[in-house]
2 protein chains.
Amino acid sequence: MKWDALEEEPCSLARTVAVIGDRWSLLILRQCFLRVRRFDEFQSSLGVTRHLLADRLKKLVRFGVLRKSPYQEAPKRYEYILTQRGLDLYPIIMSIVHWGNVHMVDSRGRPLLHEHKSCHKMFDPVMICSECGEPLTAKAVRVHQGPGARQSSPMHAKDPEKH
Amino acid sequence: MKWDALEEEPCSLARTVAVIGDRWSLLILRQCFLRVRRFDEFQSSLGVTRHLLADRLKKLVRFGVLRKSPYQEAPKRYEYILTQRGLDLYPIIMSIVHWGNVHMVDSRGRPLLHEHKSCHKMFDPVMICSECGEPLTAKAVRVHQGPGARQSSPMHAKDPEKH
DNA sequence: TCCTAAAGTTCTATTTTAGAACTGTCAATA
DNA sequence: TATTGACAGTTCTAAAATAGAACTTTAGGA
C-alpha cells in the first residue's frame, strides 16, 4: 500500500498515520513541543539527515500541522510553528511518552518529568471517557460502525465484535 | 539513525517509537483492538504483504506487546493476543483515532463510533492530569529533566524551556 | 488423488533512507 | 576586498526497507 492510499482509508487511525505515522515525523513533533523551531536545531538535535528533515517538514506543513513563520528578512528565514491542528496532537505525543515511561525506562528512571502549571505537580496523563469521566480501558469499549464507514472495507474486520 | 539506536535513546518517546513507530505496526495494533488475531486475518484485512506482516508480528512479540497463543494442534497454529503491555497501548491508539476523527474525517462523518460499556454512551477520549483532573494542553505543561536524562544528548534540546 | 486452509518463507524489482557533499544568500570579520 | 560562518536547504550514491508475487509445509476433507 502506498502512503497516499492511507489518507483515503475509511479509518481515522489510518488517516492520522498518513500524517504522523513514521519515525521522523513523531520525533520532529516531540521537538516542536519542546520549543524547537528551526531547521538546523531539528537537524542537530535529532541527527536526522537534512534531506529527510526537509521532506518531513514539508509534509507536516502540507497537512497543516506546522506552519512556516518568517523570523528574519535578508536572507529570508522561517521557523516551524505548531498550528492548532498540531497542538491537538499533544495527547498522542503524551500517551506515547507515558507508555515509554511505564514500559521502557531503564534503572535510572525517566528521562523527563512533566509538571502541570495549573496544579504545580508532576503528573502522568490519564485518558478518561468524555461522558462519564471514568478512566478508559480497551475492554470497556464497544465499537460501532459510524456514518463514514465503508461496508466490507479491506481495512476493517468483517465483524469488530466477534470472538 | 538505525531503528535499534532508538531503543537506547534517553527519551521515552523514542523508545516507544522503536516499538510501534512504523505504519504497519500501528495498523496491526488497531486490528488487535478490533479482535483480529490470526495471520491471514491481518493479511487480508490490511493488505500488508505477508513478508512484512510476519516481520512486524515477530517484532511486536519480541517487545512483549503481543504473545503467540496456540489455538490448534496438528498443524500447530497460533493466534496473536495483546499482552497487558499491549493493552496499555490503548490510549495511544485512541488518541490517534480521535485526532483523525476531529481533523481528517470527510463529509460522511466518522468511520467508527466508540461506546463506553460502563455508561452506555458514545464518547471521545479526554486526556487529563493525574493530579488535579483537569484536561491537559501542551501550553500548560513544563518539562523537567528526570533521573534518566542524559546531559547534552543529541536527542534533546539544550534547554527545553528556552524561547 | 486433488483441493483447500493456515502460516509462513523466498525471490526480484522498486522505493525509501542514510550519509556526505554541495549551493546560495547574507552578515560580520580580517 | 576577500574570507569566514550561519542558515536552510538540494543533490548525489550506496545501503536498507518494502511491494508484489510465487512457493513451501502440514494436515483435513471431497
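This is a predicted model: local features need pLDDT of at least 70, side-chain atom pairs count only at pLDDT 80 or more; totals for chains, interfaces and linings use all residues.
## Architecture of chain A

Chain A contains 7 helices and 6 strands. Along the sequence these elements follow the pattern α-α-α-α-α-β-β-α-α-β-β-β-β. The C-alpha trace of chain A spans about 60 × 40 × 30 Å along its principal axes.

Of the 163 residues in chain A, 53% are buried, that is, under 20% relative accessible area. Where contacts in chain A join residues at least 6 apart in sequence, 39% of them link residues at least 24 apart.

## Relation between the copies

Two copies of a chain are related by a rotation about an axis and a shift along it. Here, a rotation of 180° with 0.0 Å of shift along its axis places chain B on chain A, with an RMSD of 0.0 Å. This is the relation of a two-fold axis. The C-alpha of M127(B) is the one in chain B nearest the axis, at 2.2 Å from it.

Strands of a sheet pair through backbone hydrogen bonds, either parallel or antiparallel. One open sheet of 3 strands has the order β4(A)-β3(A)-β6(B), and its pairing is antiparallel. Its edge strands are β4 (121–122) of chain A and β6 (141–145) of chain B, each of which pairs on one side only. Strand β3 of chain A, residues 112–116, pairs with β6(B) in the antiparallel sense over 5 bridges. Within β6(B), V143(B) stands opposite H114(A).

Another open sheet of 3 antiparallel strands runs in the order β6(A)-β3(B)-β4(B). The edges are held by β6 (141–145) of chain A and β4 (121–122) of chain B; each has a single partner strand, so one side of each is left without a neighbour in the sheet. Strand β3 of chain B, residues 112–116, is joined to β4(B) by 2 bridges, and the two run antiparallel. In β4(B), M122(B) is the bridge partner of E115(B).

## Surface near DNA strand C

DNA strand C is surrounded by 21 residues, of which L52(A), R50(B), Y71(B), R77(B) and Y80(B) are the closest. Among the atoms of DNA strand C that come within 4 Å of the protein, sugar and phosphate account for 57%. By residue class, the surface near DNA strand C comprises 9 nonpolar, 2 polar and 10 charged residues.

Both chains contribute secondary-structure elements to this surface. At least two residues each come from α3 (23–33) and α5 (50–62) of chain A, and from α4 (39–46), α5 (50–62), β1 (66–72) and β2 (77–82) of chain B.

## Polar contacts to DNA strand C

Arginine side chains from both chains make contacts with DNA strand C. In chain A, an N or O atom in the side chain of R23(A) is 3.2 Å from a phosphate oxygen of DNA strand C.

In chain B, contacts to bases are found. A base nitrogen of DNA strand C lies 2.7 Å from a polar side-chain atom of R50(B). For R77(B), an N or O atom of the side chain is 2.7 Å from a base nitrogen of DNA strand C.

Notes
Residues are numbered from 1 along each chain as its sequence is written. Chains are lettered from A and ligands numbered from 1 in the order in which they are written. Side-chain values use heavy atoms; hydrogens and water are left out. A residue is near a molecule or strand if one of its heavy atoms lies within 4 Å of it. A polar contact is a pair of N or O atoms within 3.5 Å; within protein, one must be able to donate a hydrogen and the other to accept it, and residues adjacent in sequence count only if both atoms are side-chain atoms. Helices (H or I, at least four residues) and strands (E, at least two) are DSSP runs, numbered from the N terminus. Ala, Val, Leu, Ile, Met, Phe, Trp, Tyr, Cys and Pro count as nonpolar, Asp, Glu, Lys and Arg as charged, and the others, Gly among them, as polar. Two strands pair if DSSP finds at least two bridges between them. Copies are superposed by least squares on the C-alpha atoms of residues with pLDDT of at least 70 in both. Buried means under 20% relative accessible area, exposed over 50%, partly exposed in between (1.4 Å probe, protein chains only). Contact means heavy atoms within 4.5 Å.
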